[in-house]
Amino acid sequence: MQEACALALVKWPAEGVPGNPRAWLVGVARHKTLDRARREARRAGKEAAAVSDPTAGPLAAASSAAADPSSAAADELGLILMCCHPALDPAARIALTLRCVCGLDTRSIATAFLLPEATVAQRIVRAKRKIRQAGIRMRVPDGEELTDRLAAVFRVVYLVYSQGHMAAAGPELVRAELCDQAIGLARALAGLVPGEPEAAGLLALLLLTDARRAARTGEDGELVLLADQDRARWDRAKIAEGERLLETALRAGRPGPYQLHAAIAACHSCAASADETDWREIAALYGELIKYEPSPVVEANRAVAVAMSEGPAAGLVILDALGGNARLTSWPQFHIARAELLTRVGRRKDAAQAYQAALKLPMPAPERAHLERRLASLA
C-alpha cells in the first residue's frame, strides 16, 4: 500500500485523480503484492538454475512449452499449480487460488460456487491455516504430481473466465481483463501439457465463448441476448482456432467435461443463425455432461436446451423439479430461465414473480436493466 501511495504521488498530479481513488490504490497495491509473490516464487529456481543451467527452472519450462510464451501467464500458472495442493480440500484450494493468485474478490468467488460469501471466506481462512500449521511446501509440481493437480487448475481457469464473461455485479456485463487473463492461462496450460485433451478442450471452450464478446452488448452497453446478436461481429479467428483445438482433443478418444462444454459452444458458433442452432444436439451434450458434472446448474442448462428443442413445457418440468435446490435458487439464471419459459406458455403472472426473484439477487447492471424491461412488458 505504501508503494501504491508513492506511485499516486507521482501519477495523480500529472494525470489527474482517478474517479475512485480508493479502488485505484487497492488495485495497484494488490498487483504489486502479486508481482512480489511471483518474483519470490521464482527466486529459488532461478538461483539454482544460474549455478548449473541458465535456462533451467520449472516456470521457465512452463513458459517455453506454452503456446503463448507470455511470462506473466506462465508465472501466474506456476502460482496456481502451487496453490492447488492436494493436501487441501478441493473446494478450499480452488477458493484460495482464486482469491490469492487470480485476485477475485470473495463475493465473486461465492457467486461462482453459488454459496454464501461467509462460507467461502471461511474456506479460504481454513486453507491458509492448514498451510501454516501443516508446513505445506508451496512449489511448482512436475510429473505425476502435476497430473494430479490438473483438475483443480482447470476449474480455477474456468471460473476466472466465468466471472469475466458474466460479472457478478457492477456497471459492466463483461470484465474483459478477467477474460483475457483466463485465456492466457489456458494457453499456458495447454502448452505445459500438450498431450492432455481436456487442456485443449478448456482453451477451445474459452475461445469459442469469447468469440461472441463484442456482440453481447450494444452501443450503450445494454445486454444483447444470444438469439439477437449480430453474428458478423463474432470473432471468426477465435472460432476457427477453437474448433481446431476441439477436433484435436476429441480425436484423442478421452472425453471430459471441458471438451463437452466446448462442443456445446461449437454448436452455437457453427450455426449461421439462431434458428439453425441444433438444440437437440445441445440437449444431448448436456445429458452426457451430467455424467461428469452431476450438478443442478448443468441440469438447468439442459432444461433450457430441451425447451428449445421440445417446447417450453418440457423444459419447465425439469426446472420445476430443481426448484427445491437452495443453491440453485441463489443463481439468477435459474429464475430468468423459468421466467422466459413461463412467458412462452402464457403464465405471465408466474413469469413476473420469477423475474422479481431474479432481481433480488446480485447481477451486473446491464442484465438488471434488461430484466426490468422484461418485467415491465408483462404488466
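Let's start with a definition: a residue is buried under 20% relative accessible area, exposed over 50%, and partly exposed in between, using a 1.4 Å probe and protein chains only. Keep that in mind.

Now, what you see is a predicted model, where local features need pLDDT of at least 70, side-chain atom pairs count only at pLDDT 80 or more, and totals for chains, interfaces and linings use all residues. Residues are numbered from 1 along each chain as its sequence is written, and side-chain values use heavy atoms, with hydrogens and water left out.

First, the overall picture. The chain has 18 helices and 0 strands. Both are DSSP runs numbered from the N terminus: helices are H or I with at least four residues, strands are E with at least two. The radius of gyration is 22 Å, close to the 21 Å from the globule rule for 379 residues, so the chain is as compact as a globular protein of that length. That radius is taken over C-alpha atoms, and the rule is 2.2 Å times the number of residues to the power 0.38. Along its principal axes, the C-alpha trace spans about 75 × 55 × 45 Å.

How much of the chain is buried? Buried residues make up 48% of the 379.

Next, contacts, meaning heavy atoms within 4.5 Å. Take those between residues at least 6 apart in sequence: 61% join residues at least 24 apart.

On to salt bridges. We need a side-chain nitrogen of Lys or Arg within 4 Å of a carboxyl oxygen of Asp or Glu. How many are there by this rule? The count is 13.

Here is one: E288 with K291, at 3.1 Å from N to O. They sit 3 residues apart in helix α13 (residues 279-292), so about one helical turn separates them. E288 is partly exposed, at 31% relative accessibility. K291 is exposed, at 61%.

Now look at D320 and R338. Their closest N and O atoms are 3.0 Å apart, in a salt bridge. D320 is partly exposed, at 37%. R338 is buried, at 17%.

Last, D210. Its side chain meets that of R213 in a salt bridge, 2.8 Å from N to O. Is D210 buried or exposed? D210 is buried, with a relative accessible area of 3%. And there is a network: salt bridges link D180, D210, R213 and K238.
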